[in-house]
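Visitor: Could you show me the sequence and the structure, so that I may ask about them in turn?

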Amino acid sequence: MNKIIIEHLNLQYSDGTESLRDINLNIQANVITVLFGPAGGGKSSLLRCLNRLNDLTEVKVASGKILLDGENILDPRTDVIALRRRVGMVFARPVVLPMSIRQNLTYGLELANEKRRSKLDEAVERGLILAALWDEVKDRLDDPAIALSGGQQQRLCLARVLANQPEVILLDEPTSGLDPISTAKVEAALQGLKKEFTIILVPHSVQQAARTADYAAFFLQGELVEAAEGKELFTHPKQKRTEDYVEGRFG
Amino acid sequence: MGKSKNWRETIITAVVRTCGYSAVVFVLLIFFFLLREGLPALAEVKLGELLSARWYPIENHFGILPLLTGSLIVTVGAMLIAIPFGIGTAVFLSEIAPRWMREILKPLVELLGGLPSVVLGFLGILVLSPYLRVFLNLPTGMTALAGALLLGGIAVPTTVSIAEDALDAVPQSYREGALALGATKWQTIWRVTLPAARSGVLTALMLGIGRTIGETMAVMMVTGNAPVLAIKLTSIFSPVRTMTATIAAEMGEVANGSTHYHVLFMIGLVLFLISLAVNIAASSVVFKSRKRAERVLS
Amino acid sequence: MKRRFSLDRFLIQRLGVSLITLVAALTVLPIIGVFGYIIAKGAPAISWEFLTAMPRDGMRAGGILPAIIGTFYLTLGTAVFSVPLGIAAAIYLSEYAQENRLTRLIRIAIINLAGIPSVVYGLFGLGLFVLFLKFGTSILSASLTLSIMTLPVIISAAEEALRAVPQSFRTVSISLGGTRWQTIRKIVLPQALPGIITGVILGLERAAGETAPILFTGAAFFLPHLPGSPLDATMALPYHLFVITTQVPGMPIQVQYGTALVLIVFVLGMNLIATVVRSRARAKRQW
């Protein structure tokens with residue numbers, strides 16, 4: 001079942017140069033879809049279109065559609081606030097808000113005017129458990145979030161997104177600054193999360209892509225070269241460019 | 001819920017935007033009012049009369065030349081003090097003084113900048129002028145010199161503060177490069193660091209000049225308030241009258257709508273335009289150097 | 001030959017450094033002298049009566065309470081008008097405005113407002129508030145005049161404080177479904193608040209010490225009682241100091257120094273508060 005359908009998407013920078021050219025991609029629900037490729041390929045730009053965060057950047061949609069459950073989110077009449085609650089994002093560097101751990105987690109719900117203490121506490125616990133952080137912080141929820149380690153902060157950012165009860169989770173190189181143990185914890189959490197959520201991941205290495213992908217799409221210089229099931233794409237890629245990149249011949 | 005939030009956002013955005021434009025509105029408002037009350041002076045007093053050398057409003061003499069020269073001589077005198085002392089102190093704080101000394105002295109200098117000018121004028125009357133009178137054997141200590149000294153003292157903190165920031169912003173690698181090539185510290189300061197901080201230092205000077213031209217109370221209290229032409233070199237040892245002091249001293253006694261009233265507003269307009277010119281010059285200095293930097297870096 | 005060359009260079013260096021140090025000393029020592037002198041000569045005049053009683057004998061005796069209260073009222077009035085407007089304008093520049101010609105015009109306007117001579121503000125205040133709007137010589141007119149004068153200081157400081165808040169906070173807030181105003185209200189403004197407060201206090205400190213803008217708009221010398229409403233004129237410390245120094249014969253020197261000392265303490269006290277706010281905020285910062 002397709003959660004997100006991208007049709008003939010073309011992205012441009014504000015000076016007119018192309019960022020992404022004619023992207024067609026189906027993203028299925030409850031799997032981990034990986035968008036990978038060398039730097040500058042347009043993957044992050046595409047990710048930011050999925051929650052309309054590109055509205056804040058220089059990248060504009062020249063043409064095309066992105067359908068979330070059948071509705072085009074690029075339509076100007078879209079309620080982007082509601083969209084961003086359905087489609088959450090974890091960024092490359094952990095950005096904890098200058099508040100306590102608990103307040104970080106309830107921030108999204110407070111934006112939506114949720115005031116009931118019970119609902120907020122529920123969300124805090126749910127997010128932390130799903131992000132595999134609950135045991136480590138359950139006794140110090142009111143400590144400043146900045147006191148956590150880098151890996152813990154990034155899992156807090158994941159928990160923060162989860163507390164908002166999204167349907168889709170976007171992750172843009174989430175483990176690029178983390179040590180291998182923290183990276184493993186995040187990847188394990190994602191495996192658990194895909195049962196309930198649709199996950200789209202931009203990895204920071206080909207190895208991470210191969211480890212985590214149920215479905216993978218290879219981007220090169222603004223073009224979607226090839227997309228297939230993870231195992232297929234990494235062992236028997238159809239395009240030579242894909243094979244060259246996966247084998248490490250360039251990057 | 002989405003709709004009502006939209007409403008709120010739109011109203012708030014509109015309010016914030018209006019407040020953002022307020023600065024422009026106020027500048028235009030001030031300009032307009034000065035114009036409105038000052039232009040009639042040009043109609044009521046002949047231009048030749050305005051530019052003459054006699055300021056004696058009681059007998060309808062409105063020559064503003066003595067006031068212009070008064071402001072000029074005091075400003076020039078003040079800058080002659082503020083430039084060496086301001087930049088010298090900035091260089092000292094930034095390049096020569098040890099860290100701990102800088103942490104104490106810089107706030108001290110800024111403290112002087114926070115002193116109300118009326119307090120400095122007060123000290124000028126009670127301490128500086130009598131001292132000048134005795135020391136230089138003058139008929140009175142209330143002279144342009146006293147004004148220049150006080151104004152120099154007022155301009156120095158501003159100059160030091162901004163120039164020191166500019167010098168501090170010069171990357172350490174510049175100094176290290178020069179020293180590695182065999183330059184002494186002194187040579188480094190004059191040939192490398194100061195030129196690199198040039199635009200910031202110039203800005204500091206222009207802001208110092210701006211502050212000096214606009215100063216009212218201190219000069220009014222110590223320059224003696226004699227509206228005579230100050231064009232000789234020795235005029236610095238005589239009393240003078242600045243434009244600012246004239247407005248402050250005479251505005252209270254003027255009949256609303258009289259010629260005197262209009263002329264005072266016109267002087268205010270002149271002061272407004274001068275400060276406008278200085279500010280535009282200062283910001284174009286910064287703008288030009290930024291453009292040059294961008295060209296070099298790109 | 002070589003030895004003489006290097007002797008010259010280092011001699012110049014030593015002379016130069018000595019000269020600069022002398023210059024700096026000549027700048028710093030008088031500052032200490034000024035403060036020390038006023039404190040020494042003014043302290044004897046300070047007494048409970050001086051600070052809390054009404055003046056007597058044509059201001060030559062008694063206290064300066066009305067001037068202190070007047071300065072307090074004027075500072076408060078200035079804050080009421082300039083702080084909300086200034087912060088809102090800073091929010092516009094930092095969070096809403098794009099870098100185009102209109103924004104540059106606003107910035108030029110702010111720089112110019114900052115550079116206008118204080119006596120010209122006095123003229124403007126006279127023309128607009130006292131005469132045209134018929135508020136008369138009053139706390140209202142003087143406060144409005146001082147507010148416009150203080151506005152550029154507050155806008156600059158507030159904008160700098162807002163810009164210092166990391167952009168990543170805003171991005172995260174938006175990505176969680178926040179609107180721009182929610183982001184400002186819940187994250188940016190609270191985090192910028194210490195810096196804004198510091199700037200506000202420094203701006204008000206300057207307003208408290210100014211004489212020229214209140215000369216024709218609100219200040220009076222001889223008022224038998226304290227101001228009862230914003231439409232009354234008021235005494236004020238800077239103006240009081242000016243008059244007793246220049247226009248009252250037989251004014252005891254001690255009273256003059258005492259008044260100067262009170263004014264300095266008032267103004268520098270605000271400076272101290274601002275500095276404390278700044279350093280405490282820096283220590284507590286969570287980013």
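Visitor: How many of the 32 residues of helix 3 of chain B are buried?
Guide: Helices (H or I, at least four residues) and strands (E, at least two) are DSSP runs, numbered from the N terminus. A residue is buried when 20 or more other C-beta atoms, placed from the backbone, lie within 10 Å of its own; it is exposed at 12 or fewer, and partly exposed in between. Helix 3 of chain B is largely enclosed by the rest of the structure, because the number of its 32 residues that are buried is 24.

Visitor: Which pLDDT is required of side-chain atom pairs in this predicted model?
Guide: Residues are numbered from 1 along each chain as its sequence is written, while chains are lettered from A and ligands numbered from 1 in the order in which they are written. The model is predicted: totals for chains, interfaces and linings use all residues, local features need pLDDT of at least 70, and side-chain atom pairs count only at pLDDT 80 or more.

Visitor: Where does helix 3 of chain B bend?
Guide: A bend at a residue is the angle between axes fitted to the seven residues ending there and the seven starting there. Here the angle is about 30°, and a proline, Pro84(B), follows within four residues of the bend. The bend lies at Ala82(B).

Visitor: At which residue does helix 3 of chain C bend?
Guide: Helix 3 of chain C (residues 65–96) has 32 residues and reaches 45 Å from its first C-alpha to its last, close to the expected 46 Å. This helix is largely enclosed by the rest of the structure, because 24 of its residues are buried. It bends by about 30°, with the proline Pro84(C) following within four residues, and the residue at the bend is Ser82(C).

Visitor: How many residues of the side of chain B that touches chain C come from helix 1 of chain B?
Guide: Two residues are in contact if their C-beta atoms, placed from the backbone, lie within 7 Å. On that basis, 64 residues of chain B are in contact with 67 residues of chain C. Helix 1 (residues 2–44) of chain B supplies the largest share of chain B's side, namely 19 residues.

Visitor: Of the side of chain A that touches chain C, how many residues are nonpolar?
Guide: This contact takes 17 residues from chain A and 15 residues from chain C. Helix 2 (80–86) and helix 3 (101–111) of chain A each supply at least two residues of chain A's side. Ala, Val, Leu, Ile, Met, Phe, Trp, Tyr, Cys and Pro count as nonpolar, Asp, Glu, Lys and Arg as charged, and the others, Gly among them, as polar. Sorted in this way, chain A's side has three polar and two charged residues, and the nonpolar ones number 12.

Visitor: What is the radius of gyration of chain A?
Guide: Chain A has 10 helices and 10 strands, and its C-alpha trace spans about 55 × 40 × 35 Å along the principal axes. The radius of gyration is taken over C-alpha atoms, and the globule rule is 2.2 Å times the number of residues to the power 0.38. For 251 residues, a compact globule would have a value near 18 Å, which agrees with that of chain A, 18 Å.

Visitor: Is Asp22(A) partly exposed or buried?
Guide: Asp22(A) lies in strand 2 (residues 18–28) of chain A. Its phi is positive, about 45°, although it is not a glycine. Because it has 14 C-beta neighbours inside 10 Å, Asp22(A) counts as partly exposed.

Visitor: Which residues of chain C does Val119(B) touch?
Guide: A nonpolar core is a set of buried Ala, Val, Leu, Ile, Met, Phe, Trp, Tyr and Cys residues joined through C-beta atoms within 7 Å. The largest one has 251 residues, and Val119(B) is among those with the most contacts inside it. Not counting residues up to four places away in sequence, Val119(B) touches Leu241(C), Ala260(C), Leu263(C) and Ile264(C).

Technical notes
The expected span of a helix is 1.5 Å times one less than its number of residues.
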